[in-house]
Amino acid sequence: MRNELPSIPDLPVDETRLEERIDESELSVGKKLMLLCLPFLLFFVSLFLGRLMIEPMIVLKILGHSLFNLPVDSTWTEAMEIVVIRVRLPRAIMAGAVGAGLSISGAAFQGMFHNPLVSPFILGVSAGAGFGAALGIVMDGNLFMIQLLAFVFGIIAVAITYFTSRIYKTTPILMLVLSGMVVSSLFQALLSLLKYTVDTESKLPAIIFWLMGSMGSISMEKLLLGVLPIAIGCIGLYLIRWRMNVMSMGDLEARAMGINTELLKGIIIVCTTIISSTVVAFCGIIGWVGLVIPHLCRMMVGPDHRVLLPTTLCVGAAYLIFIDNISRIISPAEVPLGILTAIIGAPFFAYLLRKTKGGWGG
Amino acid sequence: MTMSRISIRSACFSYGEKEVWRDINLDVAQGETICLLGPNGCGKTTLLNCIHGNLTLKSGNIQIDGREISSMTVTQVAKSIGYVFQEHSAPFPYTSLEVVRMGRAPHLGLFQVPSREDTRLALNIMEEMGIRHLAKERYTNISGGERQLVLIARTLCQAPDIILFDEPTSHLDFKNQAVVLQTMHKLVKKGLTIIMTSHFPNHAWLLSSRVAMMGGSGFVAVGPADRVMTEENLSATYGVKVRVYQGVSGPNSLNFCAPDFKYSETTAM
């Protein structure tokens, strides 16, 4: 329903000026194309890059042959095909999904908490999932069991955080942050307890490596299981992109503008939790991405979530595919992803803070 | 008598054990300006928040067009009542146009984004308020007075017919106070209903509004500014000796008040 104020006359608005103003909050076609191409370019690069270098043309042929059944002359070895289709392809797709998911979650949380230092893990999801995974390893579970436990405990941790913060029936931002800290500490303590009691020969290293984060466990079969929840979360967040703008003005003002802030917070928390639990379950704890990328994107395209969210998807995906490539190439034994994102992310974040003078960018 | 838009009946409010005010009654008709006056902590803003449904009364009731405010959803309230807040921190550097356009929120669905029509409406309102030139400016970079005008524009974009103002001129310099008051005056002339809190009794005369003077635990006096803003009532409300003057300049005459220093000196010291 649009009940426009009858007393405000319909002033003639210069159409060209109007267009120009509307475009202000949107990106130019060139910029859009560039943002869209970036992750795909890096995705393709990651297929032929690695210890086994494969020519780009051959990669294309392999892809055409095995994915679309194109009649191409087989000029490659079976090893190449396995590396491209069964190892690098699912890995690159998952890395893209993880990067996109963590980045959009970070952007949504930073808006909701009005704070640039908020990461997707603020409500305790990583601590909970880390504990769940460790529990799976201690119980001698198979990989699926470990991932399931990580996912479930990630969600349990956020649920505890959420309901602890509801002591006033609403969820004040400060209470969410505080109970997030409490729940994180609790699960970290439980994790330490597990680490302390397990067998130090095999299980302790397994837990530690798992927590450092890796794309190594992704296979073609499990890809859908990982990508689908992340995609659902991203779509959910994208749908409420404009309301996030209103929400970012603060709870009281958003309510005055007719926003059901509790519902909106609920949607944001559910979507980000689905995303980050899935990420931690499949790839371990990958820090900094959800903190740095939204910041960088806000600097590039401004704070309007209608533009910011799609931008974080593209840049986040590209960034993590890039980092994953480095982790594969830099040494014969893969460097854990979480270490790389921190080593690259932390100084980069410091640089961004310097550029934006500690402000919001944009 | 015209049908009242807002009716407040034997309203009481308390924060926990601490009672703020009790037995408040007030009827507001369409097109009226109500100015809530009173010392710090007398519960002016609390009353605004109760009218808006942000806070819940301890007892009594508040109705908007015959509907209990507590039974309305935030979206329903936002369509008939706008609220211009006093305290305002703006963390994100949105453009002023985007801030004004946010006022369309109650009219858009959960997944909707504002259409070109909404943008046009926002721009029209800015044009009419004389702040069209700010549309592209970052909201965080404009002056306090301009920001207040942008917030009023945002509230108008909501298309409510009642607007609550919480100390609309605080933190503003003299010129910006005048601009904001003039804008409010125009809104009233268009038929909007305004309820405002103020620390400046003179603004009530300037807007020739009805005044509700608060003190102690409720209203000291309610009525047209010229009638109830007497030296006795003002002194009782603020707890200092206040003198009311009548100023004449050419064809214009206006009442104004000021504290009486001489009186205070002889009694307080």
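Me: Before I start, what conventions apply here?
Reply: Residues are numbered from 1 along each chain as its sequence is written, while chains are lettered from A and ligands numbered from 1 in the order in which they are written. This is a predicted model, in which local features need pLDDT of at least 70, side-chain atom pairs count only at pLDDT 80 or more, and totals for chains, interfaces and linings use all residues.

Me: OK, chain A: how many helices and strands?
Reply: Chain A comes to 15 helices and zero strands, where helices (H or I, at least four residues) and strands (E, at least two) are DSSP runs numbered from the N terminus.

Me: What is its radius of gyration?
Reply: The radius of gyration of chain A is 22 Å, close to the 21 Å that the globule rule gives for 362 residues, so chain A is as compact as a globular protein of that length. The radius is taken over C-alpha atoms, and the rule is 2.2 Å times the number of residues to the power 0.38. Along the principal axes, the C-alpha trace of chain A spans about 75 × 55 × 40 Å.

Me: And what share of chain A is buried?
Reply: Of its 362 residues, 49% count as buried, a label that requires 20 or more other C-beta atoms within 10 Å of the residue's own, with C-beta atoms placed from the backbone.

Me: How do α4(A) and α13(A) pack?
Reply: Helix α4 (residues 78–113) of chain A and helix α13 (residues 289–301) of chain A pack at an angle of about 70°, with their axes 7 Å apart. That makes α4(A) roughly perpendicular to α13(A), a class that covers 65 to 115 degrees. Axes are lines fitted to C-alpha atoms, for helices over the stretch in contact, and angles run from 0 to 180 degrees between N-to-C directions.

Me: Which residues meet there?
Reply: From α4(A) they include Gly99(A), Leu102(A) and Gln110(A), and from α13(A) they include Val289(A), Ile293(A) and Pro294(A), where contact requires backbone-placed C-beta atoms within 7 Å.

Me: Switching to chain B, how many helices and strands?
Reply: Chain B has 10 helices and 12 strands.

Me: What's the order of the six-strand sheet?
Reply: The open sheet runs β6-β7-β8-β3-β9-β10 in chain B, with mixed pairing, and two strands pair if DSSP finds at least two bridges between them. Its edge strands are β6 (81–84) and β10 (218–224) of chain B, each of which pairs on one side only, and the twist averages 15° from one strand to the next.

Me: How do β3(B) and β8(B) run?
Reply: Strand β3 (residues 33–37) and strand β8 (residues 193–198) of chain B run parallel and are joined by five bridges, and Leu36(B) has Thr197(B) in β8(B) as its bridge partner. Helix α6 (residues 174–189) of chain B packs on this sheet, touching β3, β7 (162–166) and β8 of chain B, and its direction makes about 150° with that of β8(B).

Me: Which strands form the four-strand sheet?
Reply: That open sheet has the order β2-β1-β4-β5 in chain B, with antiparallel pairing. There β2 (18–29) and β5 (67–68) of chain B stand at the edges, each with a single partner strand, so one side of each is left without a neighbour in the sheet.

Me: Last one, how many residues lie between β11(B) and β12(B)?
Reply: The hairpin of β11(B) and β12(B) has two residues between the strands, and Gly250(B) takes a positive phi near 60° there.

How values were computed. Angles under 35 degrees count as roughly parallel, over 145 as roughly antiparallel, 65 to 115 as roughly perpendicular and the rest as oblique. Two residues are in contact if their C-beta atoms, placed from the backbone, lie within 7 Å. A residue is buried if 20 or more other C-beta atoms lie within 10 Å of its own, exposed if 12 or fewer, and partly exposed in between; C-beta atoms are placed from the backbone.
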